[in-house]
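Here is a short tour of a model you can follow on screen.

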Amino acid sequence: MQKKLLIIGYVWPEPNTTAAGGRMLQLLHFFIKHQYQISFASTASESNYSFDLGSLGVAKVAIKLNHSSFDELLQDFDPDIVLFDRFMAEEQFGWRVAQYAPRAVRILDTEDLHSLRMARHESYKKNTPFSSDQWLATDLAKREIASIYRCDFSLIISFFEIELLKEVLKIPDQLILHLPIMVNGITAKDQQDWLGYHEKQDFVCIGNGKHAPNIDAVVRLKKEIWPLIRQQLPEANLRVYGAYLPEHILQMSKPKEGFCVLGHAKEAKEVIGRARVNLAPLNFGAGIKGKLIDGMRFGTPSVTTTIGAEGMHPGLDWNGVIADDALSFANAAVALYKEEAIWENARKNGVTIVNQLYNIDILEDRFYSKIEEVKHRLSDFRAKNFIGEMLRHHTMAGTKYMSKWIEAKNKVS
């Protein structure tokens with residue numbers, strides 16, 4: 001009998017606009033490779049950038065919140081695995097999965113620790129130091145950690161985040177699996193195909209406009225960093241790409257000043273691959289940054305911040321420079337742009353990082369082994385996760401009866 005996977009998506013995947021969309025596509029390819037019949041369900045509306053799931057043989061299912069039709073879907077499809085795309089999806093549908101598909105392995109793909117990113121954003125806006133205690137004091141952190149406990153295991157994308165969960169919260173190893181973005185290793189042939197130092201020119205910055213850290217980074221580039229770079233490199237240009245860029249960002253485009261806001265890039269490989277240096281001056285955020293991995297994959301060194309590089313290269317040299325204040329960031333960007341030997345060494349560092357930490361063959365084996373272990377010892381896993389069972393009993397009971405009340409109210413209306 002064919003194995004079945006149900007994905008409950010917070011949004012429909014957009015791999016050409018977001019790292020999260022690319023991540024979901026990687027997971028889909030993994031399950032297709034292992035011959036799962038896949039249904040992707042979401043309450044969201046599709047956009048012009050939504051991926052054609054049908055091209056992969058994945059069934060699309062539109063679902064409703066607070067509606068018993070989802071219970072019928074679970075019973076009819078009878079999944080072996082249910083994958084929640086971010087903790088909000090687990091909050092909304094987890095109790096239904098536990099009740100109507102109790103034998104299904106419940107996996108949470110966190111994408112990043114959403115609560116950590118939001119807590120850092122608040123600290124940044126208030127100009128106050130960030131601490132893990134501050135993060136844990138938020139309601140969002142409590143909700144997200146509870147979701148991790150309620151699932152059989154969760155996928156954690158960042159080295160920093162998995163250590164945070166283990167060291168600060170003492171979450172058991174059985175509940176979390178480090179599974180970063182998965183990419184093909186960089187071969188000698190790939191490197192030969194890259195443009196060389198003298199063939200590349202200008203700077204690039206890329207990021208989805210719906211993601212607050214990206215918008216803040218573009219504003220910082222425009223106001224603080226780019227004028228300093230331009231003083232030293234008056235002929236250089238910065239090309240800013242991203243889907244969903246808001247109007248105030250589009251209006252920042254000043255080609256005469258070398259600051260060009262160009263909107264959505266259909267192929268990140270093309271625009272990053274042509275640039276000499278990739279800029280990501282991120283002041284807050286979480287997870288790992290797809291744009292920086294893309295820089296490594298396409299032979300373009302990066303200048304980023306401590307937050308930007310966090311959890312991405314433990315024990316390995318960065319493929320460029322890490323700098324936090326505007327002047328240091330600008331000077332690092334100029335030096336990397338002008339010094340060919342430094343630039344070439346940075347590219348080599350990127351190859352090492354990708355091949356050692358993000359190699360798809362190693363990571364897929366890790367994921368498959370975890371799934372098989374949990375499937376064959378599911379009762380034992382759940383028996384050892386008393387906190388998760390307790391949270392599911394209490395919190396999900398509240399969610400369940402609130403949902404049923406809303407459903408009944410809607411029927412009367």
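Helix 3 (residues 87-100) lies across strand 1 (3-9), strand 4 and strand 5, and runs at about 155 degrees to strand 4. Helices (H or I, at least four residues) and strands (E, at least two) are DSSP runs, numbered from the N terminus. Angles run from 0 to 180 degrees between N-to-C directions, with axes as lines fitted to C-alpha atoms, for helices over the stretch in contact. Contact stands for heavy atoms within 4.5 Å.

This is a predicted model, where local features need pLDDT of at least 70 and side-chain atom pairs count only at pLDDT 80 or more, while totals for chains, interfaces and linings use all residues. Residues are numbered from 1 along each chain as its sequence is written, and side-chain values use heavy atoms, with hydrogens and water left out.

Strand 4 (residues 81-85) pairs with strand 5 (residues 105-109) in the parallel sense over 5 bridges; two strands pair if DSSP finds at least two bridges between them. Within this pairing, leucine 83 stands opposite isoleucine 107 of strand 5. Helix 7 (residues 159-167) also packs on the sheet, touching strand 6 (153-156) and strand 7, and its direction makes about 155 degrees with that of strand 7.

One is open and parallel, with 7 strands in the order 3-2-1-4-5-6-7. Its edges are strand 3 (59-62) and strand 7 (176-178), each pairing on one side only. The other open sheet has 6 strands in the order 10-9-8-11-12-13, again with parallel pairing. Strand 10 (259-263) and strand 13 (320-322) are its edge strands. There, 2 bridges join strand 8 (residues 203-206) to strand 11 (residues 277-280), and valine 204 has asparagine 278 as its bridge partner. Helix 12 (residues 290-297) packs on this sheet at about 170 degrees to strand 11, touching strand 8, strand 11 and strand 12 (302-304).

Arginine 86 sits in the loop between strand 4 and helix 3. Its side chain makes a polar contact with that of aspartate 85 (3.1 Å); such a contact is a pair of N or O atoms within 3.5 Å, one able to donate a hydrogen and the other to accept it, and for residues adjacent in sequence both must be side-chain atoms. Beyond four places in sequence, the contacts of arginine 86 include Tyr10, Asp109 and Glu111.

Finally, the cysteines: the structure holds 0 disulfides, a disulfide being a pair of cysteine sulfur atoms within 2.5 Å.
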